[in-house]
Amino acid sequence: MAAGFTLSAADRERSANAQVTNQPSLKVDFNPRQPESVGVGVYNLDPDFVVSLSRYTQAGGLLTSILRVTVVRTGAPIGDNLPDVFGRYEVLGDGVRFDPHFPFERGLSYRASFDPRPFGRPELSEVLTLEFSLPREQNALPPEVNRIFPSSDYLPENLLRFYVCFSNSMQSGRVEAEISLLGPDGKPAADVLYRAPVELWDRSMQHLTILLDPGRLKRGVGPNRELGPPLKVGREYTLVVGSGMVDLSGRRLRETFYKRFRVTEAVRKRIAVEQWKIVPPAAKSCKPLVLMFPEPLDWALLSPTITIGSTDEPSVYGRIVVDQCERRWSFTPALPWAAGSYDVRVASSLEDVCGNGVIAAFDRSLQSGSDAYEVARRSIPFRLV
Amino acid sequence: MKTTLASGVQTGIHARRDVLRIAAVSAVGLALSGRAPAASQNAFAGGAGSGPLQSAGVLAFGPDNVLFVGDIRGAAVHAFALRATDLTSQTEVELGNFHNFEGRDLVRGLDQKLAALFGTTYDKIVIHDMVVHQPSQQIFISVERGRSTDALPAIVKVNHGQLEVLELNGIPHSQVGIPNEPDSRAMLEFDTQRSFAITDVKYYNGEIFVTGVSNQQFASTLHRIPYPFSAQMTTCTVEIWHPVHGEFETRAPIIRQLIREVRGEPYLFAVYGCTPLVRFPLASLKDRAHVRGDVIGELGYGSNPIDMLTFTDPFDQKEYLLVTIDVRSASRIAVSDLGTATPEPTGGQIDFGPGGLGKTQGLLPIRAEHTAILNPKWAVVIQRHPKTGYRLDISSLAAPYFFERRDGMSEMNWPDGPDPFHYREHRDEISRGG
């Protein structure tokens, strides 16, 4: 937002008249001390009246009944018994202003009113009202689903999660109603998606995590035995993101998004780092270091869990690209590779698309013995000469 | 807020009405620079009304009027040491007729009133949690205006039926970060940030216990943090035997928790989705430990817990655990049984339950979105009005049955119907807080 603004022509005219006639005027304007904050002020008040307003507030009088702001159309079924917009009042040299606790919402109409009648001054017998709204931001396009991870059209029977990536920041609260998984018959498959206690958005509100019910993924457990696994090998399913998902400014998805996929055999083994293929770059180049995985890994976790370290540098700075359906990870350093010894380091929190970790598979029996926690390999050394 | 002159706008003698469109161009700002404030009301220091909060989620009170606020977006737990001026005693508020199971609506149309207060429409209001400050019996609610990156958090309190915004700036404050950003210097082509959705915060004996679920890793992590906050933090992962699933549930997140001493030993009790009740000795929750809890109850499959709290039955004076559940009756279990209950056997057959303490649980007709205990006789709930679904109310609800007679369709509610519980004799016994 720019540092100031102009009023409409009508308001400018009224404002000019006000100066001529010295009548009180009700305006929407920026707070001079907080240029981002838009408030409502009454100006051109008689100095004598301002003094009495000051005395009134010092004696504990509240300006909330004198200068009020309300939402014009609340849509509230309970009717009119609603509080005014809450905010802070200031008595100024020639007026009084109100700044809302939270900024006025764009696109919503507000009504401000100034009612000086309780002060019983004959020249101030008029209630001033003003309806106003701040324009919505115009430029952004309606939201779309950019991508859904895992990218592959073939997903294992024990898939644990999807990431839905939107082009815009979205509003929470609609996931359960709008996102579903259609079974091979084209009807929504019941009890397949996990009802998380909190919708799992990232901070940008552009990336949503959808989990499949872990109770149905684990073999032999109650829901799995009763209902079977959420997905069945060889069948085709569709993840549907309904157009009722809305973005920050209330716009619906441009269209419902469908991700169709066919189910392949379950993957129930830990991530075998020792089976990764590594393509080291040439020393002194800026070429990427490439890792190839036999199975697709979790898109979001691939970024924070794999790092490159050397004897001189605990963590090399660079840029990661994940592609080939999350089976290839390429790392381009910010500075050319120096000769020396390096390590690809894998954090224990890395998972594949089924939630299998570096240490153990997601779905494993804990009754049959201890996990091989210590033997799992977590780094790949390489040397550049 | 007072609205004493509600008729002013409508009856103005010659009210002027303009619709002003504000465009982002520079000009008038300069004309305002000469105005200096002479006095102010409801002053808050910063421009943003949310103080240090980036979001406002779960709430808990600690000792000395400290209000803890879980902040998912800010990846932190905040502690606000409320001052005497931030609290108003509500012990004179009429709560209803305890004998006759008649509560009162303390705030009607809560979401609509919050929307009006924060200058929005009620679809943009999200109520996350409610907690009662026991000494004053004042209700505190965490609220957000907006459902996206524009969401603005606030803490609102109820003062004799009116909603008041807790002015956070100026309240002595400290906070602790919940680690959720992995230490990585590499960047993804386009990034999704990890976030840790805090599901519960509880205080016990100089520490807070924080549970939650990550948007990336499906893991059950529990943070144990000293208060007053220091750099010290204990983080462990927990797992349980889940008889409904017939498996060790290695990753499921704890949804609600509380800490209680049973026979002098402190335990953390937790409920999970689908709904096992689990016991962890506090002493076992050590840093980097991987702890297996004992499942002591299966409250029933296919549901999610909403709130977990304890109350003392005013009739038998015993303490009970209360777990409210989204699609089932709330569960009532004697606290004395929590410590002594035999763990459900591990490695057994699948059991859809109820099991363990779930077999002897009392069922209570609570269908509230949030529940808190107000005093020994009364609870307070946020719930949809049963006959007018558009209304979200804060209402009192009589313990220990949590039954609201006004909502019932019983013959004894009719003016000349039978009166086996002597409702009419006690009709005038209105109780207040205190």
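In this predicted model, A:Phe149, A:Pro150, A:Arg161, A:Tyr163, A:Leu297, A:Asp298, A:Trp299, A:Glu326 and A:Val353 line the second largest cavity. The space inside this second largest cavity comes to about 50 Å³. Sorted by class, its lining comprises six nonpolar residues and three charged ones, with no polar residues.

Rolling a probe the size of a water molecule over the atoms shows where empty space is left. Four cavities of 30 Å³ or more are found in the structure. The largest cavity has a volume of about 80 Å³. Its lining is formed by residues of chain B, namely B:Gln90, B:Val93, B:Leu95, B:Leu106, B:Gln137, B:Ile139, B:Val158, B:His160, B:Gly161 and B:Leu374. Six of the residues lining the largest cavity are classed as nonpolar and four as polar, while none is charged.

B:Phe315, B:Tyr401 and B:Phe403 together make a nonpolar surface patch of about 320 Å². Of these residues, B:Tyr401 is placed in the loop that runs between strand E31 (392-398) and strand E32 (431-432) of chain B. B:Tyr401 counts as partly exposed because its relative accessibility is 43%, and partly exposed residues fall between the limits of 20% for buried and 50% for exposed.

How values were computed
Residues numbered from 1 in each chain as written. Chains lettered and ligands numbered in written order. Predicted model: local features only at pLDDT ≥ 70, side-chain atom pairs only at ≥ 80, totals over all residues. Heavy atoms only, no water. Patch = residues over 30% accessible without salt bridge, like charges linked within 9 Å, V, L, I, M, F, W, Y side chains within 5 Å. Areas by Shrake-Rupley, 256 points an atom, 1.4 Å probe, with all protein chains shown as cover. Salt bridge = Lys/Arg side-chain N within 4 Å of Asp/Glu carboxyl O. Helix = DSSP H or I, 4+ residues; strand = E, 2+ residues; numbered from the N terminus. Buried < 20%, exposed > 50% of the residue type's maximum accessible area, 1.4 Å probe, protein only. 1 Å grid on protein atoms, 1.4 Å probe; cavity = no way out; pocket = protein on both sides within 12 Å on 5 of 7 lines; lining within 4 Å. Points joined across faces, edges and corners; volume = space filled by probe spheres on them. Nonpolar A, V, L, I, M, F, W, Y, C, P; charged D, E, K, R; others polar.
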